[in-house]
Structures are given as structure tokens and as C-alpha cells.
Amino acid sequence: VSSFQHLLVRVELRVGVWLVATFTLLGNLMVLGGRVFSRDDNKILSLFIRNLAVADLLTGVYLLVIAVKDLEFRSSYSDHAYYWMTSWQCTFTGVLAMTSTEVSVLILSFMSVERWLCITWPLAAPKLSLGGAKMALSLIWLLGLSLALTPVLYYQGHQQRFYGTNGLCFPLHLDDPWVPGWLYSGLLFVGLNQLGVVLILVSYTGMFCSIRRTRANTPLSLGDREFAMRFFFIVFTDCLCWTPIIVLRIMAIAEVDIKPELYAYVVVVLLPINSALNPFLYTFTTTKFRSQTRRFLTGRGVCLCVWVPRQDTDSETTRTSFFRSATLKLTNGRDFLPALNCTAPTHTVDETTVAEVSRASLGRDEVVKIETKL
């Protein structure tokens, strides 16, 4: 990780820590600002997204502190290494990183399981209220802080503190797996975080299968490719972030030789990848965000000629256009719209066709609810 001269020994690490910190801070600040000023119908989902952004923002702050300290100790790190690793600043920086990591994993796991239950069993699953969401988030933050602060209190008498085993102040312990706190670190990264990854993977797989079955019963394709890509990247980034870390931690405990240079890349680049990408996966790629951005820019005279107009998925216009398209398709070209407008129809529509149209409309309403949750 470090040399006698530098906290971050490699040039690419020094550049990478600034880039990842910048993307993480800007992305999550934009999410927080957008959620504050926009009026969102789904207040519960918005509350979870804001808390996820705050948790990921702490990772950006952690990386920024490491980047600033690397500049401060440049060419003279050996003179500051002991005092830095045993200082309360290093401990505080490690607590920030650990809290961010655990809270982010817990929020993503809770969101995934809750949405899976609501989408797969919309009638049987208990509905989460706004008060229940606030209580769940309070417990998640309390648990995350407790997990980060417990080793500080337990190992405060040791000369080598839990967060002071290296200059990055993060207790992954790949370079020396038997330092004080190795068991606690292993339980967090190999136990709790692995359980979170499994929950996210199972929940999104179940959601995707449920949505596929729902859309198979409707006459129109409603962005299956976009939903599949979003689900794929959400699960892929979670697995890309945590699976290598879990595998490396198990290898370190098994005393498999791991290159020392790999530790810094894991902490600086691989570990924060979720915090940097979550704003894009959960906010910037959604149809509603793009629609709001388009309205905001159009209202200020910005030309959007290159953008293809697209209706918001949860708008009344989309529901109306879907029902009309479904009606025309199910009636084999016969005009059913005059009957809806209380005028004389040009052709007779039998009861079976009306039932099919009703089922298509109900199927669309269910899909709209699913898209709103997502």
C-alpha cells in the first residue's frame, strides 16, 4: 500500500483515488439535491434513495481524506506513518468508511427484499408505511454505526488499533490476516456482507422472473430490454464489488499468498465502486429522472432535438396510450374507442373482447406499480 516516501506508492492509485472520490461525491450530491427539489409521488422509495446517497457520500469523504493525506505526506510518509495510523483522525476515517460500507449493504439488502415481496406477492405482502420506513432506516443506521464503533472501543488498549493496521485506515487485513480484530473483520466481510450479496441476488432474480411473467400476459412489450439491463447492472456491480473482496478475505485467512499491491487497488478502486455507481443505477438511469431532466432543460430554452421524446412510465398519458393500443390490437382493428367515449361504436364488440381489454388494462396497471417501485 505504502512506501517510505508515499502513503499511496503508485501514481495510478493517486490519480484513481481523486477520480473515484470526485465521482462519488458529485453523483450522490446530485441525487440528494434532485430528491430535495423534486416532488416524488413515492415518498418511501425516495426516502431510501436519499439515505443510500448519504451512506455512499461517506465513502467519497473517506477517499477524499486519504487523497488529501497522501498529498500532505508526499515524499516524507515514514516520518508521519506511526502518528497517522495511531491517531484519532485515522480511526475516525476508518469509522466513516466502515459505516458507509455496512449501511449501504444493509439498505440495498432491505430495499431488494422489500420490493421483491411487494412485486411477487402484491396482495399478501405487508405494505411498508412511511413511518415503518423511517423506523427501518433508523435501525439500519444504528446497526451500521454500532458495527463500526464496537472494535474501536474493544481494541482501544492495543498498540495496533483496529483501524490503524495500515495507512488507508480500513480493516480489510489482506496483507496480515492475523492482526488484532481479524475475526471481527472476517465476520463482517465474509459473513454479513456475503449474506447481503446473496439476498440482493436472490431478490432481483425473483423480481425479474415475476415481471417477466406479468408482462407475458400483456399484449405489448414495455421496455423489457431496459428493465433487464438495469437489473443486470445492479446485480453485476454488487457482485463485482463484494465477491472479489470476500474471496480475497477467505484466501488471506487460508494463508494464500496475495500480492501486497492488490490491497490498495481493492480499497481505493474496487470497494467504492458501488458508492460511485449507485446514483447512476438507482436515479440517473430511471425514466422519471430523464423525463424531469428533459422538462427542466426545455423550460430553460435548451434545445433537445437529438433526444427522442418518451412518455413517463407512471403518467396518465402513458396509461391512456397503452389502453388504446391494447384495445386496437385486441379488437383486430375494430374501433372500440367510441364506446369508451359514450358514442355509438362503428362495430359490435363481444363480451370476450371487452374482458380481454380489461385484463390488459389491469396487467398494465400492475406493471405501472412495479415500475413506480423500481
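Accessible areas come from the Shrake-Rupley method with a 1.4 Å probe, and for residues only the protein chains shown count as cover. By this method, the protein chain exposes about 19100 Å². Carbon and sulfur atoms supply 66% of that area. The model is predicted: local features need pLDDT of at least 70, side-chain atom pairs count only at pLDDT 80 or more, and totals for chains, interfaces and linings use all residues. Residues are numbered from 1 along each chain as its sequence is written, and side-chain values use heavy atoms, with hydrogens and water left out.

The protein chain holds 13 helices and zero strands. Helices (H or I, at least four residues) and strands (E, at least two) are DSSP runs, numbered from the N terminus. Of the 374 residues, 47% count as buried. Buried means under 20% relative accessible area, exposed over 50%, and partly exposed in between (1.4 Å probe, protein chains only). Contacts (heavy atoms within 4.5 Å) were sorted by separation. Among those with a separation of 6 or more, 76% come from residues 24 or more positions apart.

One disulfide was counted. A disulfide is a pair of cysteine sulfur atoms within 2.5 Å. C90 is joined to C169, with an S to S distance of 1.9 Å. The link is left-handed, with -120° about the S-S bond. It connects distant parts of the chain, 79 residues apart. C90 lies in helix α4 (residues 88-120). C169 lies in the loop between α5 (130-154) and α6 (182-216). Both C90 and C169 are buried.

C241 counts as buried because its relative accessibility is 1%. C209 has 37% relative accessibility, so it counts as partly exposed.
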